[in-house]
Protein chains: 2
Amino acid sequence: MAQQLEPIARMVAQLARLPSIGQKSAQRLAYHIISMPLEDVKELASALYQGRKAIRYCQCCGNYATGDLCNICQDENRRNGQICVVRDPRDVAAIERMRDFGGTYHVLHGTLSPMEGIGPGDIRIKELMVRLEDDSIKEVILATNPDIEGEATASYIARLVKPMGLLVTRIAHGVPVGSDLEYTDEITLAKAMEGRREM
Amino acid sequence: MAQQLEPIARMVAQLARLPSIGQKSAQRLAYHIISMPLEDVKELASALYQGRKAIRYCQCCGNYATGDLCNICQDENRRNGQICVVRDPRDVAAIERMRDFGGTYHVLHGTLSPMEGIGPGDIRIKELMVRLEDDSIKEVILATNPDIEGEATASYIARLVKPMGLLVTRIAHGVPVGSDLEYTDEITLAKAMEGRREM
């Protein structure tokens, strides 16, 4: 059998390293890219490399930025006294898509995980505490994921922040909108019952 | 709402142009790429662009090549008198994976399609006829797809080649190995019956 050409094999190997792209998809993508005009491939490659190169972390909140501060930290109107704490920048993007939150963020870049040896010093908790020294901050919203590490991280931060006299809140757990009770796991259902409100 | 950063938006837009990558997958991939070390992204981008740049068409058969001739046309041992005609280079790759065919290929780069205005002059039929002037060629295997255009193309080439006194064959249609008769369409089943052999 003729070997796959080296440039194609290299392309496939690189594409197959991306998440949710297996060997077969990588092959299909590689053949598609080879059939594209060279100029278009140049644009694609440059969007990836130059894009990656242009992105750094906001010096204030840790979100993605192209300068020292991210768009949100630069925006005076976003300083409403609320800081929403999340695990990583894609959580910021998710909450921003909701178009409802008017405060700023703090990105931890991880969650506490004794199993993986990630302690408080390994995520951006110290930077959060420094930001909370600003008197204009009134509320810290803990929006880490509703999993074991996310809950542990939220509890840890709540214990640190509460003594400072700030309002500390946690996003609600419950039944996702549009979902079916029948297929909701028991822990989520229990949390939904526990968090019920008068109508 | 804060706008998505321009470098990320550009990355998403470029990725979403690839086949079977929708907006959501493109977002997920873009965020993954941003979280990759810059060196790794450089390797990925370079594999795509340099890979595309390195690939050209074999001057003999039309398959992908890095030089004037592809690996298969360069290989003396592959000159066994058989030429397998396919639509495009990925069909060559598919047949090569079978590790069973010992001849050379001819890639048409398309199939006849009156609907799309693709006539015999638009695909590499003339180049095939030139190759068939070589006396060492004994058999032309038509391995275009078993669809309307593929069949029409195979018939057209068969009519041209047969008068030259060469053996012209068509790959068998039938029930795919490992498939279920119950779910096989009637036309395939009819072809499988028609092509039955004594055991």
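Let's start with the contact between the two chains. In this predicted model, 52 residues of chain A are in contact with 52 residues of chain B. Contact here means heavy atoms within 4.5 Å.

How much area do chain A and chain B bury between them? About 5100 Å², with 70% of it on carbon and sulfur atoms. Buried area is the accessible area, taken with a 1.4 Å probe, that two parts lose on being put together, summed over both. The size of an interface is often given that way.

Some housekeeping. Residues are numbered from 1 along each chain as its sequence is written, chains are lettered from A in the order in which they are written, and side-chain values use heavy atoms, with hydrogens and water left out. Local features need pLDDT of at least 70 and side-chain atom pairs count only at pLDDT 80 or more, while totals for chains, interfaces and linings use all residues.

Next, polar links across the interface. Eight residue pairs are in polar contact between chain A and chain B, both residues at pLDDT 80 or more. A polar contact is a pair of N or O atoms within 3.5 Å; within protein, one must be able to donate a hydrogen and the other to accept it, and residues adjacent in sequence count only if both atoms are side-chain atoms.

Which elements of chain A touch chain B? Helix 1, helix 2, helix 3, strand 2 (64-65), helix 4 (71-74) and helix 5 (89-97) each supply at least two residues. Helices (H or I, at least four residues) and strands (E, at least two) are DSSP runs, numbered from the N terminus. Helix 3 of chain A gives the largest share, 16 residues. By type, this side of chain A has 29 nonpolar, 10 polar and 13 charged residues. Ala, Val, Leu, Ile, Met, Phe, Trp, Tyr, Cys and Pro count as nonpolar, Asp, Glu, Lys and Arg as charged, and the others, Gly among them, as polar.

Now the core. The largest nonpolar core has 40 residues. Such a core is a set of buried Ala, Val, Leu, Ile, Met, Phe, Trp, Tyr and Cys residues joined through side-chain atoms within 4.5 Å. Buried means under 20% relative accessible area, exposed over 50%, partly exposed in between (1.4 Å probe, protein chains only). Leu15, Ile33 and Leu48, in chain A and in chain B, touch the most other members. Helix 1 (6-16), helix 2 (23-35) and helix 3 (38-54) of both chain A and chain B each give two or more residues.

Take Leu48(A). Leaving aside neighbours within four places in sequence, Leu48(A) is in contact with Met11(B), Leu15(B), Ile33(B), Val41(B), Leu44(B) and Leu48(B).

On to salt bridges. The rule asks for a side-chain nitrogen of Lys or Arg within 4 Å of a carboxyl oxygen of Asp or Glu. How many are there over all chains? The structure holds 12. Two of them cross the interface of chain A and chain B. Arg17(B) pairs with Asp40(A), closest N and O atoms 3.6 Å apart. Asp40(B) pairs with Arg17(A), also at 3.6 Å. Asp40(B) is partly exposed, at 21%.

Last, helix 5 of chain B. Its buried residues are Pro89(B), Asp91(B), Val92(B), Ala93(B), Ile95(B) and Glu96(B). They pack against helix 2 of chain A, together with strand 2, helix 4, strand 3 (82-86) and strand 4 (104-107) of chain B. Just after the helix, Arg99(B) takes a positive phi of about 55 degrees.
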